[in-house]
Amino acid sequence: MRKIKTIIKKEWMQVFKNKMVLFSTLFLPLFFTALPLVILGVMGGESAAEGLTGEMPVEFIKICPAGMNAAECSQVFIVTQFMLLFMMMPLIIPVSIAAYSIVGEKTTRSLEPLLATPITTFELLVGKNLAAATPAILATWLGFAVYALGAYIIVDSPQVLKALFNPMWLIAVIVVGPLMAILSVNFSLIVSSRVTDPRVAEQLSAIVILPLLLVFFAQISGIILINQQMVLLMGLILIGLDVLVLYLAVRLFQRENILTRWK
Amino acid sequence: MIHTENLTKKFQTTLAVDRLTLDVQSGEVFGFLGPNGAGKTTTVRLLCSLIAPTEGRAVVNGFTVGHQDQQIRRSVGILTETPGLYDNLSAEYNLQIYANLYEVADPAGQVEKYLRMLGLWDRRQDEAGTFSKGMKQKLAIARALLHEPNILFLDEPTAGLDPESARLVRDFVSELRSEGRTIFLCTHNLDEADRLCDRIAVFKTRMLVMDTPDRLRAQVFGRRVVFHLLHATPELADQARQAPNVKTVQLVDNKLVLEIDNPDENNPQVIRHLVNAGAEIQYVGELRRSLEDVYLQLVRNAE
């Protein structure tokens, strides 16, 4: 545990000494928190909202709780769409940090002395994973808390607030989001340990965002509608995937190749 | 402390280390010499359990490479070819990281001990990236020693350093030897190897030769004795050729350079012979070839 903690602290000290990295970590949660609040504020009026319902997917309008008017339904729509952003945030934020973490050490030649210590591959990767995923998860949770508080102030309707604090979304943000973060970081670590150029690592790591983007667009276009069962299923699948990808990351981390492929 | 038997490493079609067999004794400074690409760094990586051998066996500090890798990594220190420091972290924090990774009992105490010992204590809060090359090298040496390993692998410890820094590092290595640590020193600096090493191995994918520097000189060039005479003449050179146990004679200015079998025993006889022949001997000494000559000769022979 001491070694894992050491790796986490080292990564944070290195990463957050770079002001631009700190800014890029904080920017996305700030933006994703402010944007829905602004839209909720601007479009919360009944007349504007009535216009919106016409553009909503039919499937979505159908599930608006009975007795909810068009304005409230629009607000529920907005709230629901942006909840997906809070699931995406922990997936996107840590990717660049994780993608750089192994290949970056390779290029600065600090990986060899690190691998010469008695640290195991599992300890190294778990340390690097938690170092990249934890700030993203915390930033997401903080953003969500600010978003929830802002929405509570802006939104009048108890039914909209009920939709906002729907247990399904709370599970999505509090449980599924972090599981996604761990998955994306593990995937990025695999990429980072297999390539020799940090730019390639970042580009390839971005692939992990695609499946969630598909879910996002599918929900906006009404092809699917995320419900409680789907979130629980996602959670269960992600737990399995996290374990599997961590196992793969450890297996694919070949010290010898990493050291000898150095130019 | 280090024992290898037919240790071999192949990278796909490239043979990097070919059937290396050696023994390094406790407390010995062992020089590992060879040209670029000879496989020195690969050998160090094998012995530090960073990479696995293709064939053969290596035992380091009683632990077998490929089977007890964690124990080996815990018990040896390594100075890699490049310092590999975290440039945006302080010197002190750079060491603290490694003290924790090596699970040192008193990390702060060990960090302070080595920062002071290497004269970096006053700069401990400065980022490692602001250090000169020599200071970075010293910091990397401190990092390799934090867990008090009894075997230390130093890969080109003075490469690229100015003479003053190189000397500081060399003095420090001597100090480590006096503490009884075993040091495996890879270097291109033959003068350094000559001064520091008890034994050296000349290596180019395979072991070319391994012995003490003096024995290697004798092995490669034979032992030559220089007689400084008041007046060296061709006649005296002819007389010298007839002396017992003399293999070759060269006349250079007022000197006779003689290759003699076992000069420790036979020199008095040769001196008597030359004096009887009328030579006025000013002084006698052994011609000491540089280790560079020995090394170049061996590498040339290998080619």
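Of the 263 residues of chain A, 44% count as buried, a residue being buried if 20 or more other C-beta atoms, placed from the backbone, lie within 10 Å of its own. The model is predicted: local features need pLDDT of at least 70 and side-chain atom pairs count only at pLDDT 80 or more, whereas totals for chains, interfaces and linings use all residues. Residues are numbered from 1 along each chain as its sequence is written, with chains lettered from A and ligands numbered from 1 in the order in which they are written.

Chain A contains 13 helices and zero strands; helices (H or I, at least four residues) and strands (E, at least two) are DSSP runs numbered from the N terminus. Among the contacts of chain A with a separation of 6 or more, 86% join residues 24 or more positions apart, where two residues are in contact if their C-beta atoms, placed from the backbone, lie within 7 Å.

Chain B has eleven helices and 14 strands. Buried residues make up 42% of its 303 residues, and residues 24 or more positions apart account for 67% of the contacts in chain B with a separation of 6 or more. The C-alpha trace of chain B spans about 75 × 45 × 30 Å along its principal axes.

Chain B is divided into domain 1 (2–211) and domain 2 (222–302), with bounds that come from an automatic or database domain assignment. The C-alpha centres of the two domains of chain B lie 41 Å apart. Nine residues of domain 1 of chain B are in contact with six residues of domain 2 of chain B. On the domain 1 side, the elements that give two or more residues are α7 (190–196), β9 (199–204) and β10 (206–211) of chain B, and α7(B) provides the largest share, three residues. By class, this side has seven nonpolar, no polar and two charged residues; Ala, Val, Leu, Ile, Met, Phe, Trp, Tyr, Cys and Pro count as nonpolar, Asp, Glu, Lys and Arg as charged, and the others, Gly among them, as polar.

Chain B also holds an open sheet of four strands in the order β2-β1-β4-β5, with antiparallel pairing; two strands pair if DSSP finds at least two bridges between them. The edge strands, β2 (14–24) and β5 (63–64) of chain B, each pair on one side only. Strand β4 (residues 55–60) of chain B runs antiparallel to β5(B) and is joined to β5(B) by two bridges; B:Val60 has B:Phe63 in β5(B) as its bridge partner. Helix α1 (residues 40–47) of chain B packs on the sheet, touching β1 (2–11), β2 and β4 of chain B. The direction of α1(B) makes about 60 degrees with that of β2(B), the axes being lines fitted to C-alpha atoms, for helices over the stretch in contact, and angles running from 0 to 180 degrees between N-to-C directions.

Notes:
Buried ≥ 20, exposed ≤ 12 C-beta atoms within 10 Å, placed from the backbone.
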